[in-house]
Amino acid sequence: MRLNSITLHRLAMPLVRPFETSFGRQTQRVVLLAQVRADSGAVGWGECVAGEGPLYSSEYVDGCEHVIRHYLAPALLAAPQLTAESVAPLLAFVVGHRMAKAALEVAVLDAELRASATSFGSYLGAVSDWVDCGVSVGISPDIDTLLEEVSGYVGEGYRRIKLKIKPGWDIDPVAAVRDLIGPDALLQVDANTAYTGADIAHLGKLDAFDLVLIEQPFAEEDIATHVQLAATIATPVCLDESIVTADVALDAIERGATSVINIKPGRVGGYLEAVRIHDLCTELEVPVWCGGMLETGVGRAGNVALAALPGFTLPGDTSASRRYFAEDLVEEPFVLGTGAHTGQLPVPTGPGTGVTVRGDLVRDWALAAPIELRP
Ligand code: NPQ
Ligand code: MG
């Protein structure tokens with residue numbers, strides 16, 4: 001295809017409850033969406049997962065908008081024959097900025113798959129119609145409030161609970177939640193880089209709670225301290241922020257820093273690199289699961305399709321739309337199944353991502369006028 005335009009939309013969506021992590025407290029989700037139009041008339045949508053500020057990652061909404069406008073979009077708009085596979089090579093001249101690149105790649109892929117009436121799931125290699133869902137639970141003001149929130153999610157059927165932890169909010173909340181949900185329920189923790197090597201002995205106390213894994217306790221660049229922890233703790237160590245390419249994933253696995261990997265398409269530059277990490281981990285028998293970035297239905301749809309690949313053997317942060325939003329941005333909000341499908345989401349089957357963006361909400365929740373980029 002050849003692109004006629006790339007339009008950037010910036011929205012703010014209210015969260016159903018504040019979401020607190022070791023890096024900050026979110027009360028709304030500021031979202032950047034890329035809409036591509038091909039000369040054939042095909043339209044595709046991509047969600048940029050960067051946050052409003054550079055707190056989870058160095059990328060953030062203003063930075064992504066800038067790099068897309070001035071570097072990435074011009075390169076794609078100039079391409080005479082564009083395919084989803086050619087997006088990453090065309091954008092490789094820009095260092096980093098993977099979340100911005102991923103938003104464009106997924107939009108082009110969505111347009112391409114809609115034009116050929118192929119779903120994301122079948123294109124990526126999905127092998128199941130439903131995926132197991134977990135939920136990520138923020139840091140609470142106190143343990144009673146946390147237990148109340150966790151009880152609600154258990155009642156909704158989630159198949160795994162993930163607690164956000166930080167120094168001063170770790171052993172006690174984990175012990176209380178383990179006590180609440182019982183010994184057989186899947187429980188894991190995510191520190192979002194809040195600890196240092198000095199905390200290794202302290203983190204060892206988490207072994208008492210039979211956790212599925214501990215996610216990213218140390219800095220993004222610090223593979224070595226993760227190796228040290230993994231050598232001393234029984235709980236599996238899982239990297240999130242550190243895993244930015246398939247090569248980095250291979251290196252971290254070979255060094256013994258991580259025995260499970262959280263795959264987020266946005267963090268690694270798109271779905272094609274995400275599938276490469278999945279394939280590598282499957283070959284190495286390293287389990288993977290699909291992370292989450294408080295996506296709207298636009299980004300959630302692709303994640304649910306990805307999570308249906310065979311190597312995704314652990315429940316993902318692929319929660320239902322209502323975990324975050326009272327009203328989702330798409331006509332087909334994600335709702336947990338019932339009966340045998342309790343705690344699961346259905347893999348979309350329609351063309352492309354299989355969801356329809358609600359133009360009315362894109363306008364109602366806009367923070368700024370759309371930016372239309374042309375060749
Ligand atoms: C994680 N997600 O696994 C991330 C962290 C995260 C579901 O726990 C705005 C932008 C808010 C990015 C909140 C989950 C965010 C964000 C949390 C990322 O580490
Ligand atoms: Mg994480």
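Helices α5 and α6 are oblique to each other (under 35 degrees is roughly parallel, over 145 roughly antiparallel, 65 to 115 roughly perpendicular, the rest oblique). The model is predicted, so local features need pLDDT of at least 70 and side-chain atom pairs pLDDT 80 or more, while totals for chains, interfaces and linings use all residues. Residues count from 1 along each chain, chains are lettered from A and ligands numbered from 1 as written, and side-chain values use heavy atoms without hydrogens or water.

**Two helix pairs**

Helix α5 covers residues 143–156, and helix α6 covers 171–181. Their axes come within 10 Å and cross at roughly 40°. Which residues of α5 and α6 make the contact? On α5 they are I143, L146, L147, V150, S151 and V154. On α6 they are D172, P173, A176, V177, L180 and I181. Contact means heavy atoms within 4.5 Å. By class, this contact has 10 nonpolar, 1 polar and 1 charged residues.

The second pair is α1 (residues 61–77) and α2 (residues 84–91). Their axes also come within 10 Å, and the crossing is roughly 130°. That makes α1 and α2 oblique as well. From α1, L72, A75 and L76 meet V87, L90 and L91 of α2. The contact of α1 with α2 has 6 nonpolar residues, no polar ones and no charged ones.

**A pocket and a cavity**

On a 1 Å grid, a cavity holds a 1.4 Å probe that cannot get out; a pocket is open, with protein on both sides within 12 Å along at least five of seven lines; lining residues have an atom within 4 Å of a point.

| Site | Volume | Lining |
|---|---|---|
| Largest pocket | about 410 Å³ | 30 residues |
| Largest cavity | about 150 Å³ | 18 residues |

What lies nearest the centre of the largest pocket? F23, Q26, R29, Y56 and L294 do. Strands β1 (3–21), β2 (24–38) and β6 (160–164) each supply at least two residues of the lining. Strand β2 gives the most, with 6 residues. The pocket lining divides into 10 nonpolar, 10 polar and 10 charged residues.

The whole structure holds 1 cavity of 30 Å³ or more. The residues closest to the centre of the largest cavity are E47, V49, V106, Y271 and G299. Strand β3 (43–48) and helices α3 (98–115) and α11 (297–306) give two or more residues to this lining. The cavity lining has 10 nonpolar, 6 polar and 2 charged residues.

Definitions and conventions: Axes fitted to C-alpha atoms, helices over the stretch in contact; angles between N-to-C directions. Helix = DSSP H or I, 4+ residues; strand = E, 2+ residues; numbered from the N terminus. Nonpolar A, V, L, I, M, F, W, Y, C, P; charged D, E, K, R; others polar. Points joined across faces, edges and corners; volume = space filled by probe spheres on them.
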